[in-house]
Structure formats: structure tokens, C-alpha cells
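I opened my notebook to record a few local features of this model. My entries follow in the sequence I looked them up.

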Amino acid sequence: CTRSRAWSDRRDQMLTAEAIQTLLRAGEGETLEFKEQFGTDVIETAVAFANTHGGTVLIGVRDDAHITGTRLGKEALRDYVNRIATATEPVVVPAAYRVAVGANEVVALQISEVPLKPVTTRGRSYRRAGSTTRVMQTAEIAAMHFASTGQSMDALIEPRKTRADLDLDAVRRYMRSATQHGRRNFAEHDDPWQVLQKLELVQSDTAITRAAILLFGNNPQSPLTQAVVHAGRLQQLIHIMDHRIIAGTVIEQVEETMAFMQKNLHVRVEITGAPARQEIWDYPLVALREALINAICHRDYGDTADIQIKIFENSLHIWSPGTLPHGVSVPDLLSPTHPSRPRNKLIAQVFFDLGLIERYGGGIQRILAACASAGLPAPELENFQGGFRIVFQRAAGWTEGVTEGVTEGVTEGVTALKNLIAQQPGLRTPALAQALETSPKNIERWLSQLKHAGAIEFKGAPKTGGYHT
């Protein structure tokens, strides 16, 4: 009866011959597949459609959209429906019917997206990626299950963690900050443990969620060793000029990672007559901060990889484990009205309370607006190598200096180095590092910036010469 109702409920959506001709001209895609005959690959495609956005399988059509046609017995359609239904869990029941297209006959199988995912067949789950049906990996299966059941991945209980593993003073700091931001109204005498319970971060003294450990743990990297940010500045892909593994709570990681990026970016300072000087960075800091918070808040903490930030001379890449959540595409992100679907709801709520997230679903728009305001190209957004990546590009012709006004310098270190070379021309890297009480590596980086800007030059033989303004 259920299968009959599924068919009859969708009879008004049956495709006409003209509609099928239109589909044939469009070709295979995320919701359309051509098959010459019924087989196990049709069942796998049906599972992929059910796990993604639904779709139609046209049987009797080659991959190149040429109709070969099919001649079937009276019970063939019922057999197709039964074979798909009995081979899937949860059960998928397609609408099946014949359509005459010219002198040929095509079978259409229409599959709806199911609410409870993932659907499996023979122990495997499939999803649609463009015009391809592919096997889902374990992390994707878990993410899809959590999404379809309304659960959050960070709500998982961490075994062997107890109340003693949480820093209640950090919870108190959160309470004060959330109250100051107007996102919560905690009283000074509120019990931090009861606050954690109300936030559903803990269930008991021995039932501590993954989110609680990441937000307020004494040692969040035990056992979640992957919960770090690996940041580095590279030259020509192979030379590592500076790098750091940033650990601690996810709240602490935001500020420490921002400090690392600022340390390794160019900035020019302008004095324009306004009371405050204006600092112009390679990339707007508000955009970098937003992208970083998104990476930390929404990454897949079940993945063993860490967040990776790579700073190149003309671009900055932020990659976080876990592709976009199920049902969200890059075009969705670019829409100002796209819904927010946080992978880690508990972490996202605390970040919102702290003012780290201003509005759910608005982060990408703030990034795009900041880059446009700074005259930079829109960053690239993509699912990349099992994660999500955002790539910022420097503006063409960016130089360390000032377009109008008086140049104070690229950074304080660069300014001090330029002044030292002007006062004591002919010094080499070791002497410059000693005089400024910094590392030769920093001196080399600052020298490179000054040479690029044409502010200094090296004069003399390689072994005896030195730098001059």
C-alpha cells in the first residue's frame, strides 16, 4: 500500500515526452542519470539521489543522450520498484512509468530526497556529485546522519573525560563576556557548572561533550589532538619562513592565530590628517578573522587533520577539515539569504554569545564586503581535498608604502631596520640582527620587503658588502 501511495501521490509530476526531450538536451547532472538498462548501478544512483536532492533515472538512454528505447513486460515496472525498495535502507520507493518518445519508449524512475539519511544499499552509501554517483566516506556518512536527525557533531560525549577536565574559571570569563556583549544575562553568583548544563555542554560529572572540552577544557588536545591550527608563511611553496602549531581552547586559538597572521603580513601606515593613523594590510583583518572563526567553529572535529593556514607572497589560504555541510553548496554561501547550518551547534552558540559570530549565516557576506571595500578580488571558496578552503588574493601592484600622505613604514620592525641602515650603511644581516635584537630570519624578511619597495640596496662584494639606503 505504501508503494502504491508513493506512486499515486506523484502521478501529477510525471514527465511528458517534451519534458524528456528537454532533459536529454541538458544532459546528465546532479538530478539526472541515463541508463541503457536496469541493473545494480541504477539502485546505487537511486540511493545517491535519495541522499542528495532527488532525481530522475531515464532507462533506455545511452550516456550520450541517444535513445535506444526499451521493451518491457507488464510486471517490469513493479519489479524495478520492488528491487530498489528491497535493496535500500531506509526504503526508497521511486515513481516508475513509461513515456513514449517518438518511436521509442523510455522508463522514468523518479526518486525523492528522503528525510532520514543516509540511505544505504549492500552496506554502502552513495551521494551525487555533479553527474557522478560516488561512494560516501565514513566522515560524510556521520555528518549526513547528524544533519538529518538534527543532531550536532560536537554534542558527542568524550569518554574518560570528567568535570575535573574543565576549567570553570574559563566558564566564568565566558559568562562575564557574554553578559557584556548583551547576548546572555548571567549573574555574578551563577554557578558555572549549572551554566554548562543549561547550555547542554555537560550532562553529568562524567558525561562531558566534545564541545565543552574544546571550549573550556584544561587540555583540549587530549584526546582531540587534531583540534589545532597549523599556520605557516611559505615562499615558493617549499621554503617555510615561519610556522606555528596553535593549540589551547578554540576560543584562545582565534586571537593567537590572528596574531600570527598579522606578524607575517605586510602593512602600510598612512597619516592623512585624521586623528588616528590608518593601517592598510595585505588583506582586511575583519575578513581574515571571519574566515578563521568559520574554520574553527564549523570544521569537522571527527577528522584527524588540523586547520591549515598558508601565507604566500601574493595569497593566503585557510583550509579546514570537512566539506560544506550536507545540503549546502558554494553558490548557497554566496547568497545573502542562505540559511545557517552550523556543523557544531554548541560551539557556534558560545561563539555567538562571545560576539565572535555577529549573525548566523552572515560571515561570508562580511568577508566579501570587506574585500570589495579594500579593492581586493573576491576570495575563492571551494570544497578542496576533503575540506573547505578560502583563498584570499593580494591586490595587483600592492606595494609597501602609502598612496597619499606620509609613510611611517611597513611595520615597526621594517621601519627600525630602514632607519638603522640609513644611520649605519654597509651593515650585513648578522650585525643588523644584533643591533635590533631580533633573529636573522626576521631581518631577512624585512630586508626582502625593503628591497621589494626599492628602499634599500646591497652594495659591494657578496662577502664584504652591505646594505645602503
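Before the helix pair, I note the conventions: axes are lines fitted to C-alpha atoms, for helices over the stretch in contact, and angles run from 0 to 180 degrees between N-to-C directions. Helices (H or I, at least four residues) and strands (E, at least two) are DSSP runs, numbered from the N terminus. The model is predicted, so local features need pLDDT of at least 70, side-chain atom pairs count only at pLDDT 80 or more, and totals for chains, interfaces and linings use all residues. Residues are numbered from 1 along each chain as its sequence is written, and side-chain values use heavy atoms, with hydrogens and water left out.

**Entry: H10 and H13.** I looked up how helix H10 (residues 285–298) packs on helix H13 (residues 363–373). The angle is about 155 degrees, and the axes lie 8 Å apart. H10 and H13 are therefore roughly antiparallel (under 35 degrees counts as roughly parallel, over 145 as roughly antiparallel, 65 to 115 as roughly perpendicular, the rest as oblique). Their crossing is left-handed, meaning that the near helix is turned anticlockwise from the far one by less than a right angle.

I then listed the contacts (heavy atoms within 4.5 Å). From H10 come Val-286, Ala-287, Glu-290, Ala-291 and Asn-294; from H13 come Gly-363, Ile-364, Arg-366, Ile-367, Ala-370 and Cys-371. I sorted these contact residues into seven nonpolar, two polar and two charged.

Entry: I checked strand E6 (residues 124–129) against strand E7 (residues 132–135). They pair in the antiparallel sense over four bridges; pairing requires at least two bridges found by DSSP. Arg-128 stands opposite Thr-133 in E7. Two residues separate the strands, and Gly-130 has a positive phi near 65 degrees.

**Entry: the six-stranded sheet.** I traced an open sheet of mixed pairing, in the order E11-E10-E14-E15-E17-E16. The twist averages 15 degrees from one strand to the next. Within the sheet, E10 (residues 229–235) and E14 (residues 307–311) pair in the parallel sense over five bridges. His-230 has Gln-308 in E14 as its bridge partner.

**Entry: Gly-426.** I found Gly-426 in the loop between H14 (412–423) and H15 (429–436). Leaving aside neighbours within four places in sequence, Gly-426 contacts Gly-465, Gly-466, Tyr-467 and His-468.

Conventions
Nonpolar A, V, L, I, M, F, W, Y, C, P; charged D, E, K, R; others polar.
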